[in-house]
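Start with the structure below.

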Amino acid sequence: QVQLVESGGGLVQAGGSLRLSCAISGSIFSINTMGWYRQAPGKQRELVATISAGNTKYADSVKGRFTISGDNAKNTVYLQMSSLKAEDTAVYYCNADVWATRWESREYWGQGTQVTVSS
């Protein structure tokens, strides 16, 4: 079994910064892709950023403001968020594509962490 535990969410003023962390633990052979998604009230869950073998991908809405990074030794993925806007308010979810063995992979989600940006 694999667990993803997020931390670092909270309330911040517009223009401020927050850093989210996601620790991945459990039965892990390797991790392929790690990422962050978010879901605002009344909206569908959307991709924020992903990282895989050092390659990163960002939603257009966060390019230049958010930075995703990973620590393979700690099985942890981070999301540094700067120049936050009110429209960044959402529940942020960590996501990972985890190989429990060399033959079996599965997608896992964290429980989510609330980010609220006040204008």
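D88 is buried, at 1% relative accessibility. Buried means under 20% relative accessible area, exposed over 50%, and partly exposed in between, using a 1.4 Å probe and protein chains only.

This is a predicted model, where local features need pLDDT of at least 70, side-chain atom pairs count only at pLDDT 80 or more, and totals for chains, interfaces and linings use all residues. Residues are numbered from 1 along each chain as its sequence is written, and side-chain values use heavy atoms, with hydrogens and water left out.

**The network**
- The whole structure holds four salt bridges (a side-chain nitrogen of Lys or Arg within 4 Å of a carboxyl oxygen of Asp or Glu).
- Salt bridges link R38, E46, R65 and D88 in a network.

**D88 and R65**
- D88 pairs with R65 in a salt bridge, with the closest N and O atoms 2.7 Å apart.
- This pair links distant parts of the chain, 23 residues apart: D88 is in the loop between β8 and β9, and R65 is in the loop between β6 (55-58) and β7 (66-71).
- Strands are DSSP runs (E, at least two residues), numbered from the N terminus.
- R65 is buried, with a relative accessible area of 11%.

**R38 and its partners**
- R38 also forms a salt bridge with D88, the closest N and O atoms being 3.0 Å apart.
- R38 lies in strand β4 (residues 30-39) and D88 in the loop between β8 (76-81) and β9 (90-99), so the pair ties together parts 50 residues apart in sequence.
- R38 is buried, at 6% relative accessibility.
- E46 forms a salt bridge with R38, with 2.7 Å between the closest N and O atoms.
- E46 is partly exposed, at 35% relative accessibility.

Definitions and conventions
Helix = DSSP H or I, 4+ residues; strand = E, 2+ residues; numbered from the N terminus.
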